Each structure stands twice: as structure tokens, then as C-alpha cells.
Amino acid sequence: MSSTDTIAYSPTDRPGITPGTARRVTIASFVGTSLESYDFYLFAYFSAFFVGPLFFEPLGTFGGVLAGFLTIAAGFVIRPIGAIVFGHLGDRIGRRPTLLITILMMGIGTGLVGVLPTYAQAGWFGAIMLVLLRLIQGLSLGGEWGGAILLATEYANPKRRGFYAALPQLGSPVGSILSAVVFIVISFAIPADQIAAWGWRIPFLTAIPLLLVSLYLRWSIDETPVFKQLLATGKRDRFPVLEVFRKAPTGFFIAIGAAVLGIGSYSLMNTYMVDYGTAQLGFSFTDLLVATTIGGLLQLITIPLFGVWATKIGSARVVAIGAIGTLVIAFPMYFLLQFATFPILVGSMIIGGILPTLSWAGLGGLMSDLFPSDVRYSGLSVAYSIAALLTAFVPAVTLILGQATGNVWWHPGIVLALMSIITLVSALAAARRKPIIDEVETAA
């Protein structure tokens, strides 16, 4: 879509769909991605600060932190398998029932972390169960994001994908804010020794009521118009995952590269920085959580605005602009952080959050434009999951790089710059392609 096209926004663009229906669908999509993000950031903060001493005590400080980061990575390693399974189900049995399954697995997996025994209580059993629950979460996450994007976009006119695809992305800052606020409240309300003893369990147990809300919202909505049209016309593929490589092979690899910065930057800024900021820069755990929360609050405003911008100039261009901006600030941002003042920390979290957020906000629209409707769930889910797998090791790799370089100030900048370049090249390739809008979507 060109920048000269005129957009008249309305709650929905499909006949027979009321504004109330459109709102419920958008909320159901958003709440699901919020729970996904809440799970991710809970575990990210938990891994950076608590996992080592609680579950991997014999490994020592560095080994415990590294084991915590690798436990995060374990969920991403299995995520492509979840994407294949749930992508297949989403393209065969529907978006709605598949998303009910994924949200149920995610919520239960997160909640059960809150009742695990620590190493002091049960030896390595707790660590093994922690990894197992992370694998369950990873399976569910494999099908969650792609389905949430489709839930939002397939109720809207295909030409407005950029805006509607950005709305589920609000779940990331909301999840970040909620998880940080929970840890901040606990740190003020409970003594540090009690947090280590039992207080850390509270954030994970809060996932259960959030799960019930998400289930209710998703149960109350109908199947998307696009999938109904696929059923009516009999255009479903028997093995949609395999058909992705026949119908959109180039688009598949472009989608993977385009997602690297949006996903990886959060792992770097919100996971690695928690450990690096406390261990090397001298910030308190609370300082880092407050700075992250401020950055997340600002994203609640910028993501919808970036979505509107994506509708005007195209999602791929928005992703590319975010990658360029992130590349420009990667090294200056980490240079300034070495001075370790709280205002610089907040500024870094804001700037280092907003610029990659451009790439994050435009990602759903860019990826949706790359796949035909009959394999879109599989295409989005598998491509996104592979990108998540590639970036899952960002905290661990950055930790090892820091150890090898004596934690020189520029070592995180190398990782951020590399991710920016990969996403920039992919976004420019996507911008040169015509968005796929097939006859099924036109008829829906």
C-alpha cells in the first residue's frame, strides 16, 4: 500500500461483523499475547536473578546464571515443533480451537512453576521439572503468536493488516509491565530473604487467574471469516506446513529474518540487561525493573501509532526504519550505560525499546503479507518460532561474549547491531514484494 492511499478507519471492514464483535476479537487476541509475554518476562526476570541460586546452586554464580538463560532457551528450542503442530491444527481445524489449546497449555505451564521444589528441597528434581515446564510453555508458544495475529487481522480488511496486526503486539509491553510491577511490589512488600524462600512463587501463581480470563474471552468469540471461507470453498491443504515451502518459500525465509530484531532485542534488553546491569554496572534489581516498566508504558502509545503508520507506508517499511534506527543507536547507547546513572538507564530503556518496537509493531503485518490464507497460520507460526529459536540464545551468547572480553562496554552492541542488520535486509526484501491477498480473503 502506498503512502498516498487514504485510510478511513472503522472498527471493522467486513459485512455482518459488528463493532462489538471486532472489539471482542481484538481484546481476545491482545489478552492472549499479554499472557504469553507475561510468561516470558516472568521467567526472564526470574532466570536472571533467582533461578541460579534456587535450582542450580551447585553450579556457582556464573554457572547458575548461564543455566537459567539456557533454561529460557530450552523453551525456544522446542518452539518450532509447537509451531508445526499448532500451525497444522490452525490451518486444518481453525484458529479459535487451536488458540484455546495453546493458551491452556501456556497458563498451566506458567502456574506450575510456582509450586516447584527448589534444589535445597528436592535436589535436581526441581531443576528437571523447571526445564520440562519450560518445554511445555515452548510448545504452546509455538502456535500462540501466529494465531493471535490471524485472529486480529482476519476480521479486518486485508489492506488494513498493518494496523490490526500491530494491536496484538501490545501484549509484549503489557506483559513486561505486569511482570515487572509484580516483582517491584514483591520487593517492597516482602523482605529479600523471604522472596528467595517463597515470595518468588507469587508471580507464577498469578498466571492462573489470567488464564481463566483469556479462556473466557477466546471461548466467547467465533471463528474468523477467512477460515470460514476456507471451509466453505474446501481450500484447506492436507499438510499446510509442507505447502508453505511450495507456495511461499522465499517469503518464509524473509519472515524469519524480519522477526530477529523484534524478538531478540527484548531478550537482550529485558533479560541480559537485568544480570549485566546488577552484576557489572551496579544498578539495583528494582532500578532495572522500574526503567523497564517506564519503557513499556511508552510502548503502549507507540505501538498503535506505529500500526497506523504501517497502514500508510507499509509494514515492511516500518520494520526497516526500526532496524536502521536501532543500528544507529546500538553502540552509543551501551557506551553511555557504562556511566551507570539512573536517568541514563531510563533513557536507554526508552530509546533502546522504542526503535526496535518499530520493527516489532510492523512484524505481524509484514509476515501476514508473505503467505496465502490457507497456509498462513503455519507460515507465521513456524517462521516466527525459528526466529525465536535463533534469538533464544542471545542472553547466553552475550553473557559468554562479555566474559571473554572482560565485559567491555561495547559487547552487547555487537549483538544488537547484528540483529538489526539481519532484520533490515529482510525488511527491504519484503518491501519489494506485493502483499498476498487471495480470493478467499476477498470473498470473506
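A residue counts as buried under 20% relative accessible area, as exposed over 50%, and as partly exposed in between. In this predicted model, Y119 has a relative accessible area of 24% and is therefore partly exposed. W124, at 38% relative accessibility, is partly exposed as well. Of the 444 residues of the protein chain, 60% count as buried.

The secondary structure of the protein chain consists of 22 helices and zero strands. Among contacts between residues at least 6 apart in sequence, 87% join residues at least 24 apart.

Eight aromatic pairs are present in the structure. In the pair formed by Y119 and W124, the ring centres are 5.1 Å apart and the planes stand at 75 degrees, so the arrangement is edge-to-face. The rings of W360 and Y384 have their centres 6.4 Å apart and their planes at 50 degrees, and this pair is therefore tilted. W360 belongs to helix α17 (residues 342–361) and Y384 to helix α19 (residues 376–392), so the pair ties together parts that are 24 residues apart in sequence. W360 and Y384 are both buried. Ring pairs also bring W145 into a cluster with W360 and Y384. A charged side chain is placed against another ring: R96 lies over the face of W219, at 5.3 Å from the ring centre.

The largest nonpolar core has 124 residues. Helix α14 (residues 249–279) supplies the largest share of this core, 16 residues. The residues with the most contacts inside the core are F46, F55, L130, L366 and M367. When neighbours within four places in sequence are left aside, F55 is in contact with F46, L116, P117, T118, Y119, W124, G126, A127, L130 and W200. The contacts of F55 thus include both rings of the Y119 and W124 pair, and among them are F46 and L130, which are also listed among the core residues with the most contacts.

Helix α6 covers residues 124–153. Its 30 residues should span 44 Å at 1.5 Å a residue, and the end C-alpha atoms are 44 Å apart, which agrees. A kink of about 30 degrees in α6 is centred on L141. Of the 30 residues of α6, 21 are buried, so the helix is largely enclosed by the rest of the structure.

Helix α15 (residues 285–313) has 29 residues and reaches 40 Å from its first C-alpha to its last, close to the 42 Å expected at 1.5 Å a residue. A kink of about 35 degrees lies at L300 in α15, shortly before the proline P304. Just after α15, G314 takes a positive phi of about 105 degrees. Helix α16 (residues 315–337) has 23 residues, and its first and last C-alpha atoms are 31 Å apart, close to the 33 Å expected. This helix bends by about 40 degrees at I329, with the proline P332 following within four residues.

L288 is found in helix α15. With a relative accessible area of 1%, L288 is buried. Not counting residues up to four places away in sequence, L288 touches M273, V274, G277, T278, F283, L345 and M349. L288 and M349 are 61 residues apart along the chain, and their C-alpha atoms are separated by 9.0 Å.

S385 lies in helix α19. At 0% relative accessibility, S385 is buried. Leaving out residues up to four places away in sequence, S385 touches R79, P80, A83 and G142.

Most residues other than glycine have a negative phi. N407, which is not a glycine, has a positive phi of about 55 degrees. N407 is located in the loop between α20 (394–404) and α21 (411–431).

Technical notes
Residues numbered from 1 in each chain as written. Predicted model: local features only at pLDDT ≥ 70, side-chain atom pairs only at ≥ 80, totals over all residues. Heavy atoms only, no water. Phe/Tyr/Trp six-rings, centres within 6.5 Å; stacked < 30°, edge-to-face > 60°. Buried < 20%, exposed > 50% of the residue type's maximum accessible area, 1.4 Å probe, protein only. Helix = DSSP H or I, 4+ residues; strand = E, 2+ residues; numbered from the N terminus. Lys NZ or Arg CZ within 6 Å of the ring centre and 35° of its normal. Core = buried A, V, L, I, M, F, W, Y, C linked by side-chain atoms within 4.5 Å. Contact = heavy atoms within 4.5 Å. Expected span 1.5 Å × (residues − 1). Bend = angle between axes of the 7 residues up to and from the residue.
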